[in-house]
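Biologist: I have a structure open and I am new to reading one. Could you walk me through it?

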Amino acid sequence: MIAIRDPALFQIIQLSLRVSGVALLFSTLIGIPLGAMLGLTRFAGRRLVVALLYTGMGFPPVVVGLFVYLMLSRSGPLGRLNWAAVPALFTPAAMVVAQCIISFPLVAGFTMAAVMGLDPQLRQQVQALGATRWQTTAAILMEARVGVVVSVIAGFGSIISEVGAVMMVGGNIEHKTRVLTTAIVLETRKGNFLAMAIGIVLLAISFVTNVAMLYLQGRTFEE
Amino acid sequence: MNETTAAQTRDPIFRLQGVNKAYNGRCVLHVGSLDIRRGEVFALVGPSGAGKSTLLRLLNFLEPPTSGAIRFLDVPFSASQPMPLDLRRRVTTVFQRPVLLNRSVRENVKYGLHLRGRRDGDRLVDATLEQVGLHELSDQRARTLSGGEAQRVALARAMVLKPDALLLDEPTANLDPYNVGLIEEIVRRLNREQGTTLVLVTHNVFQARRLADRVALLLEGQVIEEADVETFFQSPRDPRTGAFVRGEMVY
């Protein structure tokens, strides 16, 4: 209702969903295979990777923002290259990069935990039925689906609600990089009641997406 | 007696030569030479830790031998030669503790056919569920089954694939006598009617005697004696076989 009356707010909601949606898509594409690999294989250095991943799960977004800011700034190691593939600071693409870094460890970490929580004999029995390596991995992720969906929910929750990184690399520019969380900060500073309304919109988005994702877990909860 | 001689002249489905399996440098299995013949029921008996389950994993191509080779239908399988997928899919195992997928009974039985890209198996699935006496439970979720029912689902999901060789790893160890009887009857029929080769691992000598054509005793990773069921139980060559079938300690 508020959104329809206020085109500026509508734009902010749209950008929030787009940035966090794209970031979540990339985090899922990286995080689920990485989590499955860490949960299913043993290799030299696995412990170190897991330790890094756990650290990543608790990274303060503002520090991630600072890191991406330094990397992408004109004089930073990546910004200096001036490549087309490297997004410029204060663009939605830069915000996507930062949010990816925040959410993929959560997706990977929870996926790994879900996979490791399965019966260790499952893999052998599926293989004995004639599954290829890919079919085995698919079956395992399917069996771990409750945990895998939780990993995606956690990844989404961490970025849709995050302020520090988008503020730092996005800059909260009106019509360009302003998202729900940075708008709340701004409106609150201005002493504007609109902040509360935006907060409610954010909560509503979170609720609706989580309910939608619960459906992906399938009938598991109805038993 | 005639059946035994016929079985003896049949060509081997598995032929093991100099097969060793070691974990972390510790040798757990050493089989100089062993043939499993097409269409027979071959029982592997021995105390726990003798390497029986390890041998079954090798026969299902789940792990390669550390050295030596297993020939399946004359195709070698060794550390450097993986078994081609289509041949690997002609062997399957029913494990002591079945791990079923968190789906319906029917979906579990269908799963192996799905893996093979077959979508036409509905009637076969129904018939197989009928055979193991679970047709009424086909829409129930597999998690809610009792131990005996779960094991029959595991048997059905293996049978539906019509394997050349079916490996049974202590399939009735944790079950009540009713389910033991059912499962023994189903696999016996499978062997007689479809000619499926069965390799049965058991520590229960009575079960081996009830089902097997030939029996081998495995001790500490080595085949101590291999003989047809009569000889194995009546006049074993090795004193340790005699001790084992009488239920005495053999270590």
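Predicted model: local features only at pLDDT ≥ 70, side-chain atom pairs only at ≥ 80, totals over all residues.

Biologist: Let's begin with the whole chain. How many helices and strands does chain B have?

Modeller: Chain B has ten helices and ten strands. Its C-alpha atoms fill a box of roughly 50 × 40 × 40 Å along the principal axes.

Biologist: What does the radius of gyration tell me about chain B?

Modeller: The idea is to compare it with the value for a compact globule. With 251 residues, such a globule would have a radius of gyration near 18 Å, and chain B has 18 Å, so the two agree. Buried residues make up 43% of chain B. Look also at contacts between residues at least 6 apart in sequence: in chain B, 65% of these join residues at least 24 apart.

Biologist: Which strands are joined to S8(B) by bridges?

Modeller: Look for bridges and for the direction of each pair. Strand S3 (residues 41–45) of chain B runs parallel to S8(B), with five bridges between them. In this pair, B:Ala43 stands opposite B:Leu200. Strand S7 (residues 165–169) of chain B is also parallel to S8(B) and joined to it by five bridges. Here B:Ala165 has B:Thr197 as its bridge partner. Between S7(B) and S8(B) the chain passes through helix H7 (residues 177–194), making a right-handed β-α-β crossover.

Biologist: Which residues touch the most other members of the largest nonpolar core?

Modeller: That core has 126 residues, and the ones touching the most other members are A:Val68, A:Ala98, A:Val169, B:Ala43, B:Val199 and B:Leu200. Helix H5 (residues 92–116) of chain A gives the most to this core, 16 residues. Beyond its neighbours within four places in sequence, A:Ala98 has contacts that include A:Val64, A:Val68 and A:Val169.

Biologist: How many residues does each chain bring to the contact between A and B?

Modeller: Chain B brings 19 residues and chain A brings 15. On the chain B side, H4(B) gives the most, with three residues. That side divides into eight nonpolar, five polar and six charged residues.

How values were computed: Residues numbered from 1 in each chain as written. Chains lettered and ligands numbered in written order. Helix = DSSP H or I, 4+ residues; strand = E, 2+ residues; numbered from the N terminus. Rg over C-alpha atoms; globule rule 2.2 N^0.38 Å. Buried ≥ 20, exposed ≤ 12 C-beta atoms within 10 Å, placed from the backbone. Contact = placed C-beta atoms within 7 Å. Core = buried A, V, L, I, M, F, W, Y, C linked by C-beta atoms within 7 Å. Nonpolar A, V, L, I, M, F, W, Y, C, P; charged D, E, K, R; others polar. Pairing = 2+ DSSP bridges. Right-handed = clockwise from strand over helix to strand, strands pointing away.
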